[in-house]
Every structure is written in structure tokens, then in C-alpha cells.
Amino acid sequence: EPIAFSVKSGEAVLKMFKALEYKRNLKSPMVELESIRDTYSVLLALTQAAFEHYIPSEKQQKITPALEYISQHYHENITNDCLAEISGISTVYFRKLFSSVMGTSPIVYARRLRIEKAKDYLINTNITIHEIGTLVGIPNTNHFIRLFQKYTGTTPLRYRLDACPFL
């Protein structure tokens, strides 16, 4: 079924497609991985453009300040009380509202975001597992490894090795 996207900057998306096509024709050893990465970049750009036109429901609008706070402060200690205050609603109502809109609790949402950020660090940097845990707000290395494994099914080191087999 076709999906339509309204894009403000068609030139940027066209440039991404041209770069994707150019790299595809190079036939370099990494072309497959680069093509996948670039395809996701195009999808991300299109999704972001669509998101700009999206008007969230009243419930979603109420938790938007909390979502923004979590995305900017994921590496800090985040509490439901703090998020409720930012959203301008009671803590009990905030937890129920957040869970109904996002399908998970605010704290689990923040943990998942931390793990996603950690995955990005593991793939794109050489920094140690301990440093990554500290950067994402989980300074206890053992706790970080347990949480990472709980949410991904693998350890941070195994994830890094699987994602970057040439290390």
C-alpha cells in the first residue's frame, strides 16, 4: 500500500537518493551495509518531515514536555515526580497517562532510550563499556551490562563485536 510523505526540502531527500545510488554503483566491500544505513537515513528524513505535520492528541500533548525532557536528560536521574511536574499534572495521573499513550512506564521508556543511546555509542565510538554506561546515566558497569542484556538479549561487548566485526 503506498505511503505519501509531505516533504519541505525535496532537494535534501533527492540528494540522499543520489548518494545512495552512487554508492551502490561503486561495488565497494561495505556497499551493502552503507546502503542499509543510507536507506534508513532517507526513511528517517521522511519520517521527520511527516512528524512535523503530525498533530498529537490531547493526551499526547500533555506528556510531550516529559518526552522532550527525557530525550534531553536521559543520562540524568529521572523521576516520575519530576516528569509530572514538567507536564503540569499529578504524578499518579501522569504515570497512567504516559503508560496509556506510550505503552510503557516513563522509567522503562527512559531506560530504553538509554540503551538505544548506548547501542549508538557502541557502534560509532571506541570508548569503553564503563564510559558508555556513565555517558547514558548508568555508571555502575555491572548494572549497565545487566540492563543492556535485558533489553537487547546480548551483552554490550557482544553487540559491539557483532555490529563491527572488523574490530
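The model is a predicted one.

**The chain as a whole**
- Read from the N terminus, the elements run α-α-α-α-α-α-α-α-α.
- The chain has 167 residues, and 28% of them count as buried.
- Take the contacts between residues at least 6 apart in sequence: 52% of these join residues at least 24 apart.

**Helix 3 against helix 4**
- Helix 3 covers residues 58–73 and helix 4 covers residues 80–87; their axes come within 8 Å and cross at roughly 130°.
- That angle makes helix 3 oblique to helix 4, and the crossing is right-handed.
- On the helix 3 side, the residues involved are Lys-62, Ile-63, Pro-65, Ala-66, Tyr-69 and Ile-70. They meet Cys-82, Leu-83, Ile-86 and Ser-87 of helix 4.
- Sorted by class, the contact of helix 3 with helix 4 has 8 nonpolar residues, 1 polar and 1 charged.

**Pro-65, a residue in that contact**
- Pro-65 sits in helix 3 and is one of the residues that meet helix 4.
- Pro-65 counts as partly exposed because its relative accessibility is 29%, which lies between the 20% limit for buried and the 50% limit for exposed.
- Pro-65 and Ala-84 are 19 residues apart along the chain, and their C-alpha atoms are separated by 9.3 Å.

**Helix 3 against helix 5**
- Helix 3 also packs with helix 5, at an angle of about 95° and with the axes 10 Å apart.
- Helix 3 is therefore roughly perpendicular to helix 5.
- Helix 3 brings Lys-59, Gln-60, Lys-62, Ile-63, Ala-66, Leu-67 and Ile-70 to this contact. Helix 5 brings Tyr-93, Phe-94, Leu-97, Phe-98, Val-101 and Met-102.
- The residues of the contact divide into 10 nonpolar, 1 polar and 2 charged.

**Helix 6 against helix 9**
- Helix 6 and helix 9 (residues 156–163) have axes 9 Å apart and pack at an angle of about 50°.
- This makes helix 6 oblique to helix 9, with a right-handed crossing.
- Lys-119, Tyr-121, Leu-122 and Ile-123 of helix 6 make the contact with Pro-156, Tyr-159, Arg-160 and Ala-163 of helix 9.
- By class, there are 6 nonpolar residues, no polar ones and 2 charged ones in the contact of helix 6 with helix 9.

**The nonpolar core**
- The largest nonpolar core has 25 residues, and Ile-70, Leu-83, Phe-94 and Phe-144 are those with the most contacts inside it.
- At least two residues of this core come from each of helix 3, helix 4, helix 5 (91–102), helix 6 (106–124), helix 7 (129–135) and helix 8 (141–152).
- Beyond its neighbours within four places in sequence, Phe-144 touches Ala-118, Ile-129, Ile-132, Gly-133, Val-136, Ile-138 and Pro-156.

**Thr-104, a residue in a loop**
- Thr-104 lies in the loop between helix 5 and helix 6.
- Thr-104 is buried because its relative accessible area is 11%, under the 20% cut-off.
- Setting aside neighbours within four places in sequence, Thr-104 is in contact with Phe-98, Ser-99, Tyr-109 and Arg-112.

Technical notes
Residues are numbered from 1 along each chain as its sequence is written. This is a predicted model: local features need pLDDT of at least 70, side-chain atom pairs count only at pLDDT 80 or more; totals for chains, interfaces and linings use all residues. Side-chain values use heavy atoms; hydrogens and water are left out. Axes are lines fitted to C-alpha atoms, for helices over the stretch in contact, and angles run from 0 to 180 degrees between N-to-C directions. Helices (H or I, at least four residues) and strands (E, at least two) are DSSP runs, numbered from the N terminus. Angles under 35 degrees count as roughly parallel, over 145 as roughly antiparallel, 65 to 115 as roughly perpendicular and the rest as oblique. A crossing is left-handed if the near helix is turned anticlockwise from the far one by less than a right angle, and right-handed if clockwise. Contact means heavy atoms within 4.5 Å. Ala, Val, Leu, Ile, Met, Phe, Trp, Tyr, Cys and Pro count as nonpolar, Asp, Glu, Lys and Arg as charged, and the others, Gly among them, as polar. A nonpolar core is a set of buried Ala, Val, Leu, Ile, Met, Phe, Trp, Tyr and Cys residues joined through side-chain atoms within 4.5 Å. Buried means under 20% relative accessible area, exposed over 50%, partly exposed in between (1.4 Å probe, protein chains only).
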